[in-house]
Amino acid sequence: MNQPAGKVGDPVAAIDTPALVIDFDAMQRNLARMANYAREHGMRLRPHAKMHKCATIAKLQIDAGAVGVCVQKTSEAEALAAGGVADIFISNEVIATAKLERVAALAGRVELAIAVDSAIGLDRLAAALKAAGTMAGVFVEIDVGQGRCGVAPTSAGALAHQVVSHGLRFAGLQAYHGRAQHLRGASEREAAVHHAVALARAAQASITSAGIACPLVTGAGTGTFSFEAASGVYGELQAGSYLFMDRDYADNEAAANAPRFEHALFVKSEVMSRGTSHAVVDAGHKAHAIDSGLPRVWGRDLEFTNGGDEHGILRPRVDASPALGDTVWLVPGHCDPTVNLYEHYIVVRGGLERGVVHAIWNIDARGCVT
Ligand SMILES: Cc1ncc(COP(=O)(O)O)c(C=O)c1O
């Protein structure tokens, strides 16, 4: 276990680099904006905690009105449950018998739901729950355009029927459209969600004609949630990244009726070397994920180019090159895998210039990929 890069009460300048820093004030504004949006639009909010992996943050979201959180992995669910999160939806399929035994055990400790998209997965889940003597809500996942997990909408009724036949609680439809989230144009994202809504309606019809009520359709991410909220079909929003807003999401054209979110997650880096026309910071791609592109330099007009595992190269565009020892704040390209690189958040209040370390939060589910 690494020592945190700062301690409570330290000025921002004293935080070691590279460090994963939350601007607490910005995060709280994002958190409140989404909570208010869901409330005002009559939607349940179940933010995706795969993004932050932190029980403290999940509990702040629940305190602000979220019904619980989503996770993708059994071990993420276990880590957040151990941190005191009481209502968890594994919005993903689990197929291994040994993992399903853990899922069934967890269902005895927290309010748990899980997605299924196969008869085999459902049979194994039912057997594990029966052996453990526990119960979980079961969502049937449908493929609404991503071409990832999920059954065809017309098959949803048959699978929902099997859920009920196993004596399990049919919780509704999981209908997340991942590929829509980063379509840059707002109208492109809206069109993708319209398609998803039509498929969700078809799945609802298939369930109703199997004689089963469909209590909820859940889905949506930071790029599209305002379209799902307007659909009249979705009842629950799963957005996660709105809380931190990475560079990739900031590059989307904003949707007209969606609230705006601020960058709240940064990598603090320091200039460790200078050439004649460039500067080098101590944060390479072991300090921030680059699957969605490189980070943006915050507050200075400098271009970040990839310097490898431990280095980032800055080239001046308008602003002059920073000096040796200068702090440079980076907005990660993609928050989820960036978070997974760190053990702690250094939580700063009072801004990145003159703020103070307010808290150190464990990234409880860091590395929880099973
Ligand atoms: C099933 C599911 N729901 C919701 C989300 C939340 O998306 P975002 O963090 O982009 O808001 C994701 C992200 O990948 C997801 O896989």
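Helix H4 (residues 97-106) buries Leu100, Val103, Ala104 and Leu106. Helices here are DSSP runs of H or I with at least four residues, strands are runs of E with at least two, and both are numbered from the N terminus. Buried means under 20% relative accessible area, exposed over 50%, and partly exposed in between (1.4 Å probe, protein chains only). This is a predicted model: local features need pLDDT of at least 70, side-chain atom pairs count only at pLDDT 80 or more, and totals for chains, interfaces and linings use all residues. Residues are numbered from 1 along each chain as its sequence is written, and side-chain values use heavy atoms, without hydrogens and water.

**Helix H4**
- Ala98 and Glu101 are exposed, on the face of H4 turned away from its buried side.
- The buried residues of H4 pack against helix H3 (74-82), strand E4 (87-90), strand E5 (111-116) and helix H5 (119-132); contact means heavy atoms within 4.5 Å.

**Aromatic pairs**
- Rings of Phe, Tyr and Trp (its six-membered ring) pair if their centres lie within 6.5 Å; planes under 30 degrees apart are stacked, over 60 edge-to-face, the rest tilted.
- There are eight aromatic pairs by this rule.
- Phenylalanine 24 and tryptophan 361 pair edge-to-face, at 6.1 Å centre to centre and 70° between the planes.
- Phenylalanine 24 sits in helix H1 (residues 24-40) and tryptophan 361 in strand E17 (residues 356-362), so their pair ties together parts 337 residues apart in sequence.
- Both phenylalanine 24 and tryptophan 361 are buried.
- Ring pairs also join Tyr37, Phe225, Tyr242 and Phe261 into a cluster.
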